[in-house]
Amino acid sequence: MNDPAFDTDVLTQFLNPEQREAVEHFEGPCLVLAGAGSGKTRVLTTRVCRLILDHGVPPDRIMAVTFTNKAAGEMRERIEGMLGRPPSGIWMGTFHALGARILRRHAPRVGWSRSFTIYDAEQTLRQVKRSLQDVGLDPKRWSPKAVRAQISNAKNQLVTSAQFVEDHAGGFDLFLKNVARVFPQYEEALRTQDGMDFDDLLVLPVRLLSTDEDLLQSFRERFSFILVDEYQDTNRAQFRFLELLAGGHHNLMVVGDDDQSIYGWRGADIRNILDFEASFPGASVVRLEQNYRSTSVILDAANRVISQNVDRKGKTLRTERQGGAPIVRLEAADESDEARWIVEEIENRMLENPDRTHRDFAVLYRTNAQARALEDRFRRRGLPYQVVGGVKFYERREIQDLLSYLRLISNPRDRDAFDRAVNYPRRGIGRTSLERLAAFASEHGLGMLEAAERAPEIEGLSAGARRGLEALSDLIRKYSIEAAHSTVGELTNALVEDLDFLTTLRGEGPDGDDRADNVRELIAGAADFDATRVMELEEDDRDHFTDLDLFLQQVALVADVDRHDPGADTVTLMTLHNAKGLEFPVVFISGLEEGLFPLGRSFDDPAMLEEERRLFYVGVTRAEDRLYLTWARQRRRAGEISHSYLSSFVQAIAEGLEGRQTARIKAVSHVSYRRRAERPSAPESPDVDLDESFNQDRPAYIKGERVTHETFGSGVITEITGFGRDLKVTVDFDSAGRKKLLVRYAALEKDYF
């Protein structure tokens, strides 16, 4: 039934025919193949509004699943703007957030309390390490990260620890045999501590819905319509979750793009979207091919790239933005040369177009390690930038230290939180004392915090250790009482003052002030926290959860890309994986060398190579107006210098690209050509020794001028000796002291600032 105050035709008047077809779909399964920049968010939000306004579906009968918290927030805001009121009751969030919401109500059915702790990636890794040690395996020999990845993969495939043991305990693969020893121990440790990892937030709701018919039926009746974004990135557990919920009514609309399926390495299964019609017979299929983002020059290249993939549904993006600046292919000497050129090009583009701001530019790369040279160049030139995907805010040491106290207040059984809190700030409790505490706890079946409360009973503890343990247990007890009636902002601020946390951080040296600022940012985030945005509490929930419980849930589930600030006037540096879903007027994709992008290991696996090509397609389609593809003839990787060739991905779209070279490469080419002309009998080599560019590329140096070195920083030349390839300089560096350097290897740069 229509809302008399709102004409629903207004919702669809700006939609193209394909978008309108998707929005007007009512009942039954529907697959919306949404190409990059095709307005899929508008389709999803408009369909939700149409269900409410035209079909009279109450908001609390709708579930909308997104892949980031940020996307969920933006979708909610758009829907509220269209409706003119909040969509109260709608369940909207990531798979993990919705799974946590279900478990907050029903976790006791699978052996946890309703106030369980969600372990983040760092906590999970530490628990895996402890579990390795518990079964007698050396974490230095058996990588905790590799073990965690194997356990995570099994969980995402809905393989239980018992099944894993049955499949691998008697096998020939020694690694899998050892994982089979660790997996049950790890699961039992989590359960004992009332903790869950990310994968449990998917696996346990599936287990609940699969084994409790009454509960399944109640959720099917509750959610008459389910909408899913980024469906191409779902794994087995997520597919089964949707299959169970939609199994009665089949009112499931999924929106995704098989050409942007880029998370196979972490369990996503492209078959979920490719086989949707087989999984949900009678499904409607709508293709959104009108792109509203990029120029035709960029889209033509994107279409040529992705058409080489075999495993795809097939579609061709089109745009009304005909023409556009040519795509630039830039050849650089090495990563420093590449970074230098990118920064200078950004500066030139901003000078050429005064309307351009720093936020209009993004530099994308395949691996996080590539950020180093870029960051170095941005810092030297004083260009503002933000890195998405570096050291994540919530993984910073000082943030983890403070969060350990908050987690322990929320869940006194959290062993990982105790281990961290007891050690910072220092309180006179050494390793031997902690070992005796752990032995006492094990002997009496206690948690570590419970054992700390009984410190006077533990033999062999020093008086200082007893006082420290009792002080910690008193502190946690005090704030556990406070948490019941304080906001998380008030609680966190009081805790930081009680611990004198900021003073301790400032006393740690040059980084102390930055660490203190990070803690202040966490306090500010806690003060702004609104628990109702995490979970709309029903009447019977109010006695089970504090603001702190729900704040910690939000912190555990936040994705790093959620912290990207599009309003900041900074150039964005990020991996291609983190860039999905974003767009920028000007995009640089750097490091386009065979073996780096695509990664070398993908050449032996056709499915992996196709995923690498999809990742390149994602990068290309982030660009609105201008696209740069850059590569370097040599690059330092893992401490070794490797000589490189242009990526086959770029070679596949070579037609129409504007080729450019850095000044260093032009100098190399000039010297190489001249030498071949002087020695016609010498065979040609595809590998050019970049040292040949020395005389052409390096500026002349004079005593007294300032230069910059990649490692040693800025300094003044005090002496020059030698000639040609043997030219040496002595530099008094501001921080590193006096160094004598061979110029052709030193990569010195004039310091003009």
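## Cysteines

C49 counts as buried, at 0% relative accessibility. Buried here means under 20% relative accessible area, exposed over 50%, and partly exposed in between (1.4 Å probe, protein chains only). C30 is buried too, with a relative accessible area of 0%. A search of the whole structure finds zero disulfides, a disulfide being a pair of cysteine sulfur atoms within 2.5 Å.

This is a predicted model: local features need pLDDT of at least 70, side-chain atom pairs count only at pLDDT 80 or more, and totals for chains, interfaces and linings use all residues. Residues are numbered from 1 along each chain as its sequence is written, and side-chain values use heavy atoms, with hydrogens and water left out.

## Helix 3

Helix 3 covers residues 40-53. Helices (H or I, at least four residues) and strands (E, at least two) are DSSP runs, numbered from the N terminus. The expected span of a helix is 1.5 Å times one less than its number of residues. For the 14 residues of helix 3 that gives 20 Å, and the end C-alpha atoms are 20 Å apart, which agrees.

Eleven of the 14 residues are buried, so helix 3 is largely enclosed by the rest of the structure. Among them are V43, L44, R47, C49 and R50.

## An aromatic cluster

The count comes to 19 aromatic pairs. Rings of Phe, Tyr and Trp (its six-membered ring) pair if their centres lie within 6.5 Å; planes under 30 degrees apart count as stacked, over 60 as edge-to-face and the rest as tilted. Y231 and F276 are edge-to-face, because their ring centres are 5.7 Å apart and their planes stand at 85 degrees. This pair links distant parts of the chain, 45 residues apart: Y231 sits in the loop between strand 6 (225-228) and helix 12 (236-245), F276 in helix 14 (residues 276-279). Both Y231 and F276 are buried.

F239 and F280 form another edge-to-face pair, 6.3 Å centre to centre with 65 degrees between the planes. F239 lies in helix 12 and F280 in the loop between helix 14 and strand 8 (284-288), so the pair ties together parts 41 residues apart in sequence. F239 is buried at 8% relative accessible area, and F280 is buried at 4%. Ring pairs link Y231, F239, F276 and F280 into a cluster.

## N518 and its contacts

N518 lies in helix 25 (residues 512-528). N518 is buried, with a relative accessible area of 14%. Not counting residues up to four places away in sequence, N518 touches F393, R396, E398 and I399; contact means heavy atoms within 4.5 Å.
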